[in-house]
Amino acid sequence: MVAELADEDYRLDVLSRSGDERAAVRAVFDWSYRRLAAEHARVFRLLGLHPGHEFGVHVAAATAGLDLPEARRVLELLAEAHLVERAAMRGRYRFHDLLRAYAAGRAEREDTPADREDARQRLLKWYACHAKTAYEVLYRAHRDWYPSLSLTVQAHPEISITGRQGAWGWFDLERENLVAAVRVADRYGHTPLVFLLAVTTAMVLNRRGRWDDLFDVHRRALAAARRSGDRITETEVLLNLAESYDSANQWQNAHDTYRAARELARGCGDEWREAVALNGLGVMYAQVGQYATAREHLVEALPLVPGAQHGRMEAVIESNLGVVCVGQGAYRQALHHVRRSLALRRQAQDREGEAHVLHIMALAHQGIGDRPKAIELCEQALAIKEHDRSPRDTAAILVTIGDLLRDTVTARAVQCWREALRIYDDFGDRRAPDVRQRLQGVEVSSDTPSST
């Protein structure tokens, strides 16, 4: 029974097995459905094509081909008929799983394949259009980097997405629907939409540590790229997949995928993307303390990237060279790299990268012995708005502040480490044990009785 209930298409049949028709689930739904006006029934059916559990009135209007006022009116009528439910947020609705399956089944029987496909395309394009807008608000330097972002998609009715906070808010609100949209686009062969939805959705999934969904999205995009023979997009997907493996602590998978991406980029004569792969390998070797090997990869990458991502990629490599120099104890050389990186980050309007570079600069000053300057730089990094900093960069900055304050302001040091540990634990980050050890060391010291 459990296995049968897991099959959404079959679930209603399982629950409708009964000699008493009055108790059959499908019969109850039929009774409510047949009371609807023809247009309201059409909207109900097409909304069954929506892949996520919750949806907004704008995407409902797009799916059904309605203007916004009419969509609001119909949704309220459907809610009053208990065929959809009002969600906690105003202007959003949800289907019970069984009702969504019932609506989709009705669409399958009563709407033509062309009508269903038109509604599906309107739905997917609505999500793709807004995901592209939100992504370009957040990552201006990437606006002409990914081939998929060149796809022109329009949606009606549109919503306004302005400012970085608004863009992150929209992505967080629609994250599950975007993942579901990637799967639908892949299932129905909408390859350009798979690419656009995947590259924009993967970014938010990586930042939020949603690994299962992230790898599913990447693998679908990779399969679509290989089916289509689009080698540049395949290279991009491999690069993003490698970065995700690294973020999820899958070192060997990340290493092998970066190497595959590099070979593919070289075969395409794409120096910029070859440099991205080399940079990724350099970062990975730096993470395990193999600084000489890391430096070789980064130095090889640097001449390949002038102009890439409006200067941002050069800034990334310069900052990673700064990390390597800090690891090797070459603190003044590190400052040379990170100052160059900071200027390029600001030129590319890369606020997230700016916070990252300020932290590396703080580590270099800490190494030199200039603790006040290191603290000042960390505070500058934290002063950048939270939605402009990646959570794990925030954690790394907090760890450094804790290290700098341990001997003078122990209470704040502990507070910083605890907050950093919470973030690292949320992501399953490899650095969590080191922070936990710092906290345990402080607790042991505070519990040790003083000698007399």
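**Strands and helices**

Guide: Strands β2 and β3 (residues 92–94) pair in the antiparallel sense over two bridges. The model is predicted, so local features need pLDDT of at least 70 and side-chain atom pairs 80 or more, while totals for chains, interfaces and linings use all residues. Residues are numbered from 1 along each chain as its sequence is written, and side-chain values use heavy atoms, leaving out hydrogens and water.

Visitor: Why are β1 and β2 at the edges?

Guide: The open sheet runs in the order β1-β3-β2. β1 (54–56) and β2 (85–86) each have a single partner strand, so one side of each has no neighbour in the sheet.

Visitor: Why is α18 called roughly antiparallel to α19?

Guide: The axes of α18 (residues 351–368) and α19 (residues 371–383) come within 8 Å and cross at roughly 170°. Angles over 145 degrees count as roughly antiparallel, so α18 gets that label against α19.

Visitor: Which residues of α18 and α19 meet?

Guide: Contact means heavy atoms within 4.5 Å. Among them, A355 and L358 in α18 meet residues of α19 including K373 and L377.

Visitor: How many residues of the protein chain count as buried?

Guide: 54% of the 452 residues do, buried meaning under 20% relative accessible area with a 1.4 Å probe, protein chains only.

Notes
Axes fitted to C-alpha atoms, helices over the stretch in contact; angles between N-to-C directions. Helix = DSSP H or I, 4+ residues; strand = E, 2+ residues; numbered from the N terminus. Parallel < 35°, antiparallel > 145°, perpendicular 65-115°, else oblique. Pairing = 2+ DSSP bridges. Buried < 20%, exposed > 50% of the residue type's maximum accessible area, 1.4 Å probe, protein only.
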